[in-house]
Amino acid sequence: MTEPYDLIIVGGGPIGLACAIEAQKKNLHYLIIEKGAIVNSVFNYPLYMTFFSTAERLEIGEIPFNCLAPKPGRLEALEYYRNIHRYFKFSIHLFEKVTEIQKLENSFFKITTDKSLYEAKNVVIATGFYDIPIEMNIKGEDLSKVRHYYKEAHEYAFRNVLVVGANNSSVDAALECWRKGANVTMVIRKNEINKRVKYWAKPDIENRIAEGSIKAYFQSNITEICENEVEIETPNGKVRIENDFVLALTGYKPDLNFLEKMGIQLSDDELKTPVYNPETMQTNVEGLFLAGVVCGGMHTHKWFIENSRVHANMIVDYITSK
């Protein structure tokens, strides 16, 4: 067990780093614990992903994010956040996973990882939502050809690819795979492409569907995945199509079980929103705070980098005011 910290931050993404910057400014004895690489979720984004936000809205610590293009891409973001670490020289442990957080009788927290034990007066959970895919719960979903994460299009070139969903990730994957020579089909639960899709991609995918370059089944669902084909329930009945890969980009969710084990209360509805004070970001457990996307529970589109950067100031200001 190391010397107790004033603050331990679980998650080394942009919001976790923002919390560390504020802790550093206030001379708090802090530590970031990240289970993967620095800004691990950004690292796991598709290789050629372009952010919806402009560069200045991704900035933290008042450090400018210089970008020649109107919107930065994944590689530029990784370079920016690496340089943030070079500048601030964070106290951070990478590739160390937090497995348990317990509140002790002395009001401190015991943080257990797969490598060590720590004590802290306060804990911030900034773990995002990109770790657990939302599954379709259908027969054949466990086949190796089914992917819940998309990296790049090359391996899908000249193959029959089925893309599930109509959000940004699904649209990007469908367009990239089609442009690399894949035969792309989309299965979309609603009757249109999601209105939140990036403004430059939405007309592109709608035009490709309208001209027949990409086949789309609207108001439809996959009912079974087989080795060489997929069964789809459509408004006109069931159809079977030839298939080599399924990109089930159906979204992701935070580790809600992890939150509940720490004693954080969740709402009773389907959103499972954690309980916290919106002025301090403190949960129902005193000294335990939430920051970033994890605050939204299953409503993963409510919080993102540009509107949750302020959580860092709110949390550290409250901790230092006590």
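The following legends describe close-up views of a predicted model.

**View 1. An open sheet of 5 strands with parallel pairing.** The strand order is β8-β15-β9-β10-β11. Strands β8 (146–147) and β11 (215–218) stand at the edges; each has a single partner strand, so one side of each is left without a neighbour in the sheet. Strands of a sheet pair through backbone hydrogen bonds, in either a parallel or an antiparallel manner.

**View 2. The pairing of β9 with β10, and helix α4 on the sheet.** Strand β9 (residues 160–164) runs parallel to strand β10 (residues 183–188), and 5 bridges join the two. Within this pairing, Val163 has Met186 of β10 as its bridge partner. Helix α4 (residues 168–179) packs on the sheet, where the helix touches β9, β10 and β15 (245–248). The direction of α4 makes about 165° with that of β10.

**View 3. A nonpolar patch on the surface.** The patch is formed by Phe52, Tyr199 and Trp200, which together have about 350 Å² of accessible area. Tyr199 belongs to the loop between β10 and α5 (202–211). The relative accessible area of Tyr199 is 53%, so this residue is classed as exposed, the cut-off being over 50%.

**View 4. Pro70 in the loop between α2 and α3.** The loop that holds Pro70 lies between α2 (40–43) and α3 (74–88). Pro70 and Glu260 are 190 residues apart along the chain, and their C-alpha atoms are separated by 40 Å.

Conventions:
Residues are numbered from 1 along each chain as its sequence is written. This is a predicted model: local features need pLDDT of at least 70, side-chain atom pairs count only at pLDDT 80 or more; totals for chains, interfaces and linings use all residues. Side-chain values use heavy atoms; hydrogens and water are left out. Two strands pair if DSSP finds at least two bridges between them. Helices (H or I, at least four residues) and strands (E, at least two) are DSSP runs, numbered from the N terminus. Contact means heavy atoms within 4.5 Å. Axes are lines fitted to C-alpha atoms, for helices over the stretch in contact, and angles run from 0 to 180 degrees between N-to-C directions. Patches are made of residues with over 30% relative accessible area and no salt bridge: like charges are joined within 9 Å, nonpolar side chains (Val, Leu, Ile, Met, Phe, Trp, Tyr) within 5 Å. Accessible areas come from the Shrake-Rupley method with a 1.4 Å probe; for residues, only the protein chains shown count as cover. A salt bridge is a side-chain nitrogen of Lys or Arg within 4 Å of a carboxyl oxygen of Asp or Glu. Buried means under 20% relative accessible area, exposed over 50%, partly exposed in between (1.4 Å probe, protein chains only).
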